[in-house]
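Have the model open beside you as you read.

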Amino acid sequence: MQQLQWLSGCMKDKRKWFWLAMALSVVSAGLCVVFPFITQQITDRVLVGQTLPDGSVQRQTQLLVPLVCVMIGAQLLRSCVRYGMTASLEYVSQNVQQDIRRHLYDNLCTQDAGFYTRYRTGDLMTRLTGDLDMVRHTVCWISYNAVESTCLFLFSMTYLFSVNAALTLLLLAVAPVILACSFLFSRTVYPLYASLRESCPA
């Protein structure tokens with residue numbers, strides 16, 4: 001949590017663009033639910049149709065073109081939303097990376113010779129390149145993926161409950177197992193990754 005607070009402080013006046021991108025990621029996740037809903041309407045009302053009391057099948061073929069147009073419009077809107085989201089996040093992340101790199105460079109220029117004796121050159125280069133790029137990656141990719149995945153899960157569960165509540169509950173019963181496996185996997189992999197980075201020669 002402390003790292004996230006520090007990263008939020010590094011955004012400074014660019015924070016409003018970051019929250020705009022997060023709002024657009026929520027909209028993008030919500031638009032994903034439109035496609036299965038329209039597909040359901042096309043299947044039920046146009047392809048399968050409704051069985052009348054006399055045994056005939058009534059298909060509302062006149063709805064096909066409007067429904068397809070709505071689907072195309074939703075996809076175009078989602079593409080525009082994701083473009084705005086990506087552009088905003090790249091703008092914020094590039095500025096954050098630039099500010100932190102400038103701060104690190106100014107700090108290195110003020111160090112004495114003993115500092116460069118205590119710390120390996122390779123470690124310092126890693127902080128200025130790979131680690132700093134991971135900060136930018138966190139701002140422009142991990143952040144929106146976390147928000148969009150959470151919202152997409154909630155929107156999907158809401159839609160599935162409206163279709164079949166029993167099957168949705170069965171699906172939710174498996175979710176804690178997947179979450180636990182993911183958590184254990186991350187707890188196992190992270191120390192190995194950190195150890196590998198520290199063991200790299202300078």
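Helices H4 and H7 of this predicted model are roughly antiparallel to each other, because their axes cross at roughly 150° and an angle over 145 degrees counts as such. H4 covers residues 64-109 and H7 covers residues 130-163, and their axes come within 8 Å. The crossing of H4 and H7 is right-handed. On the H4 side, the contact includes Arg78, Arg82, Met85 and Leu89, while H7 contributes residues including Val135, Val139, Ser143 and Tyr144. By class, the residues in this contact are 10 nonpolar, 4 polar and 7 charged.

H4 also packs against H2, at an angle of about 155° and with the axes 8 Å apart. That angle makes H2 roughly antiparallel to H4 as well. The crossing of H2 and H4 is left-handed. Among the residues that touch are Phe18, Met22 and Ser25 of H2, and Arg78, Arg82, Met85 and Leu89 of H4.

Here are the two pairs side by side:

| Helix pair | Angle | Handedness of crossing |
|---|---|---|
| H4 and H7 | roughly 150° | right-handed |
| H2 and H4 | about 155° | left-handed |

The contact of H2 with H4 has 16 nonpolar, 4 polar and 2 charged residues.

Technical notes. Residues are numbered from 1 along each chain as its sequence is written. This is a predicted model: local features need pLDDT of at least 70, side-chain atom pairs count only at pLDDT 80 or more; totals for chains, interfaces and linings use all residues. Side-chain values use heavy atoms; hydrogens and water are left out. Axes are lines fitted to C-alpha atoms, for helices over the stretch in contact, and angles run from 0 to 180 degrees between N-to-C directions. Helices (H or I, at least four residues) and strands (E, at least two) are DSSP runs, numbered from the N terminus. Angles under 35 degrees count as roughly parallel, over 145 as roughly antiparallel, 65 to 115 as roughly perpendicular and the rest as oblique. A crossing is left-handed if the near helix is turned anticlockwise from the far one by less than a right angle, and right-handed if clockwise. Contact means heavy atoms within 4.5 Å. Ala, Val, Leu, Ile, Met, Phe, Trp, Tyr, Cys and Pro count as nonpolar, Asp, Glu, Lys and Arg as charged, and the others, Gly among them, as polar.
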